[in-house]
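Hi there,

Here is the structure I promised to pass on. Please have a look at it first, and my notes come after it.

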Amino acid sequence: MKARQKTLIVSLTSGKGGVGKTFITINLAATLARQGKKVLVVDCDLGLANIDIMLGINPARTLKDVVFGELHLRDVIMPAAGGFDLIPASSGIREMAQLLFEKIQTIKDMLLEIEGYDVILLDTGAGIAEVVLQFNLLAARNIIVINRELTSLTDAYAMVKVMYQVFGRKDFCIITNNVADAMDGSSIFKNIDTISKRFLGFSLSWLGNIRQDELVPKAILRQEIPVLKHPRSRIAADFTAICKPLLDLKP
């Protein structure tokens, strides 16, 4: 009997919104797909989904049809332009943003039933709401996206603290986004890592940084994926560099 392929489930989250989490999820997925990996992206920002907007698509079915209908998650999987598959969510639906625990658990159970992928990326919402925490708990590894904004650091630390003190999680990976250079990214990471070691007693892992690039705002406006549109750019190089330590993580 053929053994089931082990899938690495990774959540991408942030303490606050606006740090580029979804942008990183999409480009990370496209980079992994270019490397031959079978990737599924799940838009877990249930009430304020925006992956479909960033990709310029209008999905016929979303997570809403699973939660309030009779579909399985497999029924709403669709191919995305980046070479990966996508489970889209809905935006501006109050009921989706306030799901009962039982509904969240149903989605989590269905996700664990999906086979055939090397990596599943969960693009969660920001903050420490229950629905965000639950999707982070489903993942084998949690990636927290930060930038140099003070609130980005303090809110990211708050998430690490809650995940550790309430659920016992200690393994967190950090991506520093929109930094000037590697030294800038390293400095930002050291700030939150020092706080974690001092007050929580454990270190964080730095996956790498995404440097500032004038290609980014233009790509977002055009609903393009810059690592595909500009494969020789430094932003493409940054995502390639992040993929190596990411794939070293165990499912």
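Predicted model: local features only at pLDDT ≥ 70, side-chain atom pairs only at ≥ 80, totals over all residues.

Residues are numbered from 1 along each chain as its sequence is written, and side-chain values use heavy atoms, with hydrogens and water left out.

The largest pocket has a volume of about 280 Å³. On a 1 Å grid over the protein atoms alone, a pocket is an open set of points with protein on both sides within 12 Å along at least five of seven lines, a cavity is a set where a 1.4 Å probe fits but cannot get out, and lining residues have an atom within 4 Å of a point. Volumes are the space filled by probe spheres set on the points, which are joined across faces, edges and corners. Of the 24 residues lining this pocket, Gly 18, Val 19, Gly 20, Lys 21 and Thr 22 lie nearest its centre. At least two lining residues come from each of α1 (21–34), β5 (119–126), β7 (172–179), β8 (205–211) and α9 (215–221); helices (H or I, at least four residues) and strands (E, at least two) are DSSP runs numbered from the N terminus.

Helices α1 and α9 are the elements that give two or more residues to its lining, and α1 gives the most, with 3 residues.

Helix α1 also holds Thr 31, which counts as buried at 5% relative accessibility (buried means under 20% relative accessible area, with a 1.4 Å probe and protein chains only). Leaving aside residues up to four places away in sequence, Thr 31 touches Val 227, Phe 239, Thr 240 and Cys 243 (contact: heavy atoms within 4.5 Å). Val 227 sits in α10 (residues 226–229) and is buried too, at 2%. Val 227 and Phe 239 are 12 residues apart in sequence and 7.8 Å apart in space, C-alpha to C-alpha.

Finally, the buried residues of α11 are Ile 235, Ala 236, Asp 238, Phe 239, Ile 242, Cys 243 and Leu 246. They cover an arc of only 155° around the axis (taken from the directions from the helix axis to the C-beta atoms), so they lie on the same side of α11.

Best wishes

Methods. Buried < 20%, exposed > 50% of the residue type's maximum accessible area, 1.4 Å probe, protein only.
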